[in-house]
Amino acid sequence: MDGDMVQSVLQAVDRYLSLVQSILTNPRFAAVIPMVCLSAFWIGGEGALVAVAIVVPTSVVICNAFSHRRDTLPTADPVTGLLCRDDAVADTELALKENPVRAGMIAALAVEIDEFTEVDVRHGQSAGHTIQRACAERLRSVVREHDVVFRLQGARMGVILFSSAMADLESLIQLSNRIQQRIQEPISLDGTRIFVSASVGFCAPGRAPSQSAEAVVGAAEQALEDATSNGTGAIRAFTLDMRRRARNRGVLSDDLPKALEEKQIKPWFQPQVDAETGDVTGIEVLARWDHPQSGLVPPGEFLPAAEHLGLLGRLGETMLYQSLNALRAWDATGSDVPNVSLNFSSEELRNPTIVEQVRWELDRFDVAPDRLNVEVLETVIAQTSNDTIIRNLRAFSEMGCRIDLDDFGTGHASIANIKRFSVDRIKVDRSFVTQIDSDADQQNIVAAILTLAERMQLDTLAEGVETPAEHAVLRRLGCRHIQGYGIARPMPFDDVGPWLARYRSRATKDTTGPAARSADNARPAPGPRGKTA
C-alpha cells in the first residue's frame, strides 16, 4: 500500500471516529440512553442490557482518547509535507528539556524562495506548489537526518540543527551556500525548466537572545528579513543589532502612513554632471524621511516598510509632485536644471494607470516629458515578464520620457531586454566604479560596459564617483555623465540653488574645467559610498 493510499485510509478512519464521537458525546444522546438500555433488555434480556451498559461508556472513552491523540499529533504542511513551525519548535523544546546541555548547541536557518510571488503568478498555483515541494526535498537532502526541517509562512522554510557545537560562522555560511546551490538547480515543470534562487538567514549556537528553540528560530527569521531586504540570493547571520533594527522597522511602519500624510518624506537632490565639460546635466531625486524623533532616516530603512505596507505608490506620487514642483521653481530662478531622474519601483510600474498619472502631472506643471528620466532597476528588466510593466515603460518612452537603467551590471539584463524596454541610458553601478583608478579589473569591466553602450547607441552615467582620480579614469574611458560624493552629496531643495550658484561661479573662474577643480570634488568625509537610495 503506497503512501497516498495509507493517508486516505487514515483520513477515512479519522472522519469515522469524529462522527462516532460527535454522536456519543452529544447531550441529546444521553436522553435516549435509558430507551436504548430498555430496548436491549426487552430484545436480548439481561445479557444485552449488560453489554449496552459496558459498550456505550467504553466507546465514549475510546473516542475521547483518539480525539486527544489527534490534537497532540504534529501537523504537517499540506503542500510540502514538512512539520509546521509551532510543532517543530515544541518538539525541540521537549528535546532540550530532556537534555538541557544541548540548549546552547542548536542552530537554526530560515530559507526563502526569492520573488516567489512573481513565480507563482507567472506559472500558476499548482506549479508554485510543485516548486515548494521540490525545494523542501532539496533542503532535506542538504541537512542531516536528525535535523528538523519545517515550514514557515509563505515561501519560507526552516531548519533546526542539533548537536551543532562546532557550527561556527564559517561552517554555517558554507551550509547556506550549499542550500542555495541545491535550490538553484533547475526544476522540471511540464517539460519546462524553472530556475529559482533563495535567501538564507541563520543563527549560530549561543547567538540568540536566549537558549530556547523559539528564540533561536526567531533569530534566524530576523536574519532572513535582513537578507531579503538586501536583494535576492543574500545570506545574513543574526546579530543582536538586528533586533534593534527590527524594532525600528516596526516603529517606522507604524509612523509611515502619518509621515506621508504630513509630508515628512521629502525629495533630496544629487547633481549629475558631464564627465568631460563639468556642466550640470541633471539631478537625481532621492527620498529622505525627516522623522520627528529619529531624525533623518535613510531610504534603506523605510523603503522596505513602505513596500511591505503597499505604500510605494503613494510615496512615488509624493516624490513626483515635489520633484516637478522643484523643477518649476528652478526654472523660475534661472537655475538651468535640464532634467530630473526619478526612481520607479516595480510596484508602481505594475499600475496600469501610472503613465496617465505622470502625464497629468507633467501637464499640470507645464514640464516637457523629455525633462523626466524614468529610472528602473536592472533587476526589474532582467526578471520581469509582466506585460503591464513592459507596456508602461514603452508608453513612457513614446511619451518622450527618457528611460534610465539603474544599477547596471548587477541584474543580468539581456541585450534583447534593453532594446525591448526602450532604454536610453545605462547607469554603471557604483560597485564597479569604486577604486577604478587603481584596480585594472574594475577598469576592464567598466570599459566593456561602455563599449556595449556605445555599440547600442546608449548614453552612460557612472554612480558613486568620489575622487578626482575616479572621475579622470571614467572620462578617459568615455563615460558621458557622472554623479557621486566627489561632485556633490544629496541635498535638500533649499541647498540646491546656492550649490548651483557656487559650482558655476567656480567654473567660470577655472579655465581647465569646473568638475575637476570644484571644491566639492575633494574626497568626502567618511561615510556611505555613493547613492543610498
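Student: In what order do the 6 strands of the open sheet lie?
Tutor: This is a predicted model, in which local features need pLDDT of at least 70, side-chain atom pairs count only at pLDDT 80 or more, and totals for chains, interfaces and linings use all residues. Residues are numbered from 1 along each chain as its sequence is written, and side-chain values use heavy atoms, leaving out hydrogens and water. Strands (E, at least two residues) and helices (H or I, at least four) are DSSP runs numbered from the N terminus, and two strands pair if DSSP finds at least two bridges between them. The pairing in this open sheet is mixed, and the order is E1-E3-E4-E2-E7-E8.

Student: Are H12 and H14 roughly parallel or roughly antiparallel to each other?
Tutor: Axes are lines fitted to C-alpha atoms, for helices over the stretch in contact, and angles run from 0 to 180 degrees between N-to-C directions. The axes of H12 (residues 354–365) and H14 (residues 387–399) come within 9 Å and cross at roughly 25°. Angles under 35 degrees count as roughly parallel, over 145 as roughly antiparallel, 65 to 115 as roughly perpendicular and the rest as oblique. H12 and H14 are therefore roughly parallel.

Student: Which residues in H14 do Ile354, Val355, Val358, Arg359 and Leu362 in H12 meet?
Tutor: Good one! Contact here means heavy atoms within 4.5 Å. Those H12 residues meet Asn392, Ala395, Phe396 and Met399 in H14.
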